[in-house]
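Colleague: I would like to learn how to read the strands and sheets in a model. Could we go through them together, one feature at a time?

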Amino acid sequence: MEINEKYMRRALDLARHGLLDASPNPMVGAVIVGNDGRIIGEGWHRRCGEGHAEVNAVASVRDRESLLDSTMYVTLEPCSHYGKTPPCADMIIERGIPRVVVGTADPFAKVSGRGIARMKAAGIEVVTGVLEDECRALNLRFMTAHEKQRPFITLKWAQSRDGFIDGKISTPLTSMLVHKLRATHDAILVGSGTVLADNPSLSTRLYAGKSPVKVVLDRRRRVGPEAGIFKGDIPVIMMSDYGLLGDAMSELYRKGITSVLVEGGAQVLESFMKEDLWDEIRVEISPECINGRVKAPDLIRLPFVIDSETVDGHRIITYRN
Ligand code: AOF
Ligand code: ZN
């Protein structure tokens, strides 16, 4: 169905405008096509808490009547729940849109199929799975989080050429890239050992982006209120009472965190890897040998390299699980 893909591609392009502000909501785009095949409305989800893509697309249509013989293309299943905004499926039914083409189902438990079912029950012709792979890939973290009921987990460390993580590895430019990476996650996580040893602020001061929530694994309650992570007004979650790492991750998910960047130290990173509790690993390798004391986790058995770049002579490699 060439024609469906053409309009879905446009909806995907629109969805990407949500890149900076949609999270933790997904990026979603919607296109409304009139009976002569021309686009009569477009919209996307701009920011978490604001109007959904479908609502913005409908609001952009000049002639309400034209909706009665139109097709809506939307990258994600229209929602069926009252969240921060009312259900899009109901709005589509009320406006009398007779055909809806959906990219992929919404894995969010409060929706997951109910939006599609509700529209079908109201007599709307619904086509699903158009450019499904692209629509899923667009919101990989959102999809992973809701399907696995835990945040998307990125492990990150910087090591010397000879595999040590102690010592100064990063350059000003690679440090800025770390802050950029932080800004794309809902939370940053470290172990209490890292807080005590390095007293990091875990901020995004080197990059103009969002500041994620800070999470510290601190079973022994060793971190005091004087720690640098408490400076500023970014919330800090101290986790002491959890059984397994997986339980800690489920708890973060229940708090609404859909992605977490795990920054160390070595023991914490190793534990996530041992439990196969990760989705992406991002490693920076400096060109120097430092013959340090703390070994970086072993890279040998990591499966898929999805990206490799060189910045200031440092290699930055990204693996996907
Ligand atoms: C849609 N269209 O553009 C988006 C959807 O709190 P709310 O009301 O913003 O609802 C957030 C949930 O709605 C989110 O977890 C996801 O399941 C869905 N997002 N749905 O129909 C959209 N952004
Ligand atoms: Zn919605």
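Modeller: Let us begin with an open sheet of five strands, whose order is S2-S1-S3-S4-S5 and whose pairing is mixed. This is a predicted model, in which local features need pLDDT of at least 70 and side-chain atom pairs count only at pLDDT 80 or more, while totals for chains, interfaces and linings use all residues. Residues are numbered from 1 along each chain as its sequence is written, and chains are lettered from A and ligands numbered from 1 in the order in which they are written.

Colleague: Which strands stand at the edges of this sheet?

Modeller: Strand S2 (39-44) and strand S5 (125-127) do, each with a single partner strand, so one side of each has no neighbour in the sheet. From one strand to the next, the twist averages 15°, with axes fitted as lines to C-alpha atoms and angles running from 0 to 180 degrees between N-to-C directions.

Colleague: What holds paired strands together?

Modeller: Strands of a sheet pair through backbone hydrogen bonds, either parallel or antiparallel. Strands here are DSSP runs (E, at least two residues), numbered from the N terminus, and two of them pair if DSSP finds at least two bridges between them. Strand S1 (residues 29-33) and strand S3 (residues 71-76), for instance, pair in the antiparallel sense over four bridges, with Ala30 opposite Val74 in S3.

Colleague: Which strands form a hairpin?

Modeller: S12 and S13 do, with two residues between them, and Asp312 in the turn has a positive phi of about 55°. Seven bridges join these antiparallel strands, and Glu309 stands opposite Ile316 in S13.
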